[in-house]
Amino acid sequence: MSWDFIVGQFAVQFGLWWVIWPAILLGIVVGILPGFSPQNTLIMLLPLTLAVKVEVALAFMIALYCANHLAGGIPAILVKIPGSGGAAATTLDGYPMTQKGQAQQALVLCFTASVFGGLITTLATLALLPWLSQIGLVLRSVEMVVVMLFGLTLIAVIAAKDFLKGLIAGFFGLLIGVIGTDHIYNTPRATFGFLELYDGVPLVPALIGLFAISEALVMLEEKMIVGKEGQAKAASAQWAGIIDGLRLSVKYWWQIVWTSFVGLFIGIVPGAGASIAAFVAYQQSRLWSKHPELYGTGIPEGVIAPEAANNGVTSGTLVPTLALGVPGGSTAAVMMIVLQYHGMVMGPRLFASNPEVAYGVFVSMAVAYIFMIFTILPLARYMSRIVLIETTYLAPIIVLVTIVAAFGERQYAFDMGLALVFGVIGYIAHKTNYHVTAILIGVILGPLFEQYLVRALRISQGDFMILFSSTIGNTLWALLALSLVLPFLRGWRQKKALAAAQFGEDD
Amino acid sequence: MSSKQSSPGKAPLGADLVIPGLALGFAAYFFFSIADLAWEAKANGVLIGSVLVLLIAIQLVRTAVQVAKKKADLSMAPLLEPPDALPRRVGLVLLTVVFIAAMPWLGLTLSLFLGLAAGLYLMGVRKRSHLIWTPLAVAASAYILFIAALNSDFPHGPVENALAALTSLFQARP
């Protein structure tokens, strides 16, 4: 692969601006709506992508996919409704920033973290593709059990204010996540007799209910979702707010870089996805922060970490798809179908037989991200004004539109009712301080954790020691133990330093 | 003591027991549903469910101690406050139930238009123009995105059928 080839690929992709821009706009619109995942949209648009040339189809699908990942953070920040599971962690600090009147800055942070996180990991993938494709082979079920536990430890972090309530919420979510048929015998568990639950609890209705509907039911108590100061700031939103957001992005550039790589590595593992990446990145970001106690109060790092990781996943998912012929996720699977229809054979041979497609995917992704920053950044100023709409209008619109969106993923009317049930549970949890994010982490990670755990135990015929049988796995265990011990160690040192300072003053 | 209002100076902890109550009920049903399954199918659920039951037991003891010390009562006040928002909240939930039930007959566009108009009225909006144009804009956007552009499988009703007939009429003309 020469420089001339890469430069040529960039020229080809920039020439496809006429298909990339509409795809970005469509990706943003469907990304804002919970329920319309990129794979759903791509499936619905299959007649279009199958009818055009392969490079055009590819540019369209990639741009839509990346824009969709970026847009999920917009409603998460503005109205605490994540557009996708990958944006759920963004609500933790994004929405508090909006409540403080910093919606514009939060949106800019979301956009820059997404775009540059996506761009950096895409360029890294282009450079390191042969090596990165091996990661999917090294991270097996044993190692993935530990990766899942990294995400699950976030429940304990969220539970910091009321540890018992947080843990009850988290374990309630984990148990809900076990609903459905088991991974070995396909026998139904706790499905209440509904066939619609045999595949497990669908994520989108859970997400919509726990965040969107519960939040709409709570917001009825106030006339506006932000205080007077926040309203004044939103009403007078100027370009200065965007420049301030860009300044913050530059200030936290390293945060964007390393959390996007968390997303890339997790994205490479087939089956793992943006939700896990975002939660793990948030948890790690908090762990290594100098001020972990500020997470959840509306700080830039809390928006950057999940958004950069969420978009780092986009290039990661395509690595096993192209290099091994194993789709890294459902969107990658749809893209694979389109490419195969056009005569492409996935796997290592693709890089020799059709390098313009194999490398073109990542070049197309880089170009889509470059186009995206110019498309979306100016919109932050206007989007931030959504907080000026009265809750009497917002609440019914949010409830009914998101209920409609709940139908979108699987096209089952059952999912709309399920979203409402989760909405009521979420409302009760919200009003009694059982963290809804802890429930959602359980619902998302529970089934994946079980899948990897049961697979590992099945291989070892029930011997738990298999979990400590690999060098990489043991290294991850050590890092996990460090993640759990470090906050306590840090707290103990801070207390000691405080006591020493007080002792000094007394002297 | 009323179940709705908390006594002055006492923490209303009744509402705090709703989520543990739901979780406990679900855990009991879960254990019942997996009783006859192979160990691989129930290992994870048993582990999670057991920890959950233990946590709920601790929460119950914690609440009982608070109530026994007369520092708390079993009021549900946090779920029902503020009183002026309660009818709108319950109304919105009921409206959503009706919306879901009516969509297969009315179709996406009409049910969304009527549901939103009713929802806005329920929230206290009385301006006729807002009651018409806001739902119309949302319903039209939903039609354009979900039915016209993405051709998804949302229920079709009178509006979708009429527009489809109209479109085919124009397409049929030479």
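In this predicted model, helix H23 of chain A and helix H4 of chain B (residues 86–123) have axes that come within 10 Å and cross at roughly 170°. Angles over 145 degrees count as roughly antiparallel, and H23(A) and H4(B) are therefore roughly antiparallel to each other.

**Helix pair H23(A) and H4(B)**
- From H23(A), the residues A:Met416, A:Gly417, A:Leu420 and A:Val424 take part, and they meet B:Val93, B:Thr96, B:Val97 and B:Ile100 of H4(B).
- This contact has six nonpolar and two polar residues, and no charged ones.

**Contact between chains A and B**
- Chain A gives 48 residues to the contact and chain B gives 58 residues.
- On the chain A side, two or more residues come from each of helix H3 (38–44), helix H11 (163–177), helix H22 (391–408), helix H23 (414–431) and helix H24 (436–459).
- H22(A) provides the largest share of that side, with 12 residues.
- By class, the chain A side holds 35 nonpolar, seven polar and six charged residues.

**Domains of chain A**
- The domain assignment divides chain A into domain 1 (3–469) and domain 2 (472–507).
- Taken over C-alpha atoms, the centres of domain 1 and domain 2 of chain A are 32 Å apart.
- In chain A, 13 residues of domain 1 are in contact with 10 residues of domain 2.
- Helix H10 (residues 141–158) of chain A supplies seven residues, the largest share of the domain 1 side.
- That side of domain 1 has 10 nonpolar, two polar and one charged residues.

How values were computed: Residues numbered from 1 in each chain as written. Chains lettered and ligands numbered in written order. Predicted model: local features only at pLDDT ≥ 70, side-chain atom pairs only at ≥ 80, totals over all residues. Domains from an automatic or database assignment. Contact = placed C-beta atoms within 7 Å. Helix = DSSP H or I, 4+ residues; strand = E, 2+ residues; numbered from the N terminus. Nonpolar A, V, L, I, M, F, W, Y, C, P; charged D, E, K, R; others polar. Axes fitted to C-alpha atoms, helices over the stretch in contact; angles between N-to-C directions. Parallel < 35°, antiparallel > 145°, perpendicular 65-115°, else oblique.
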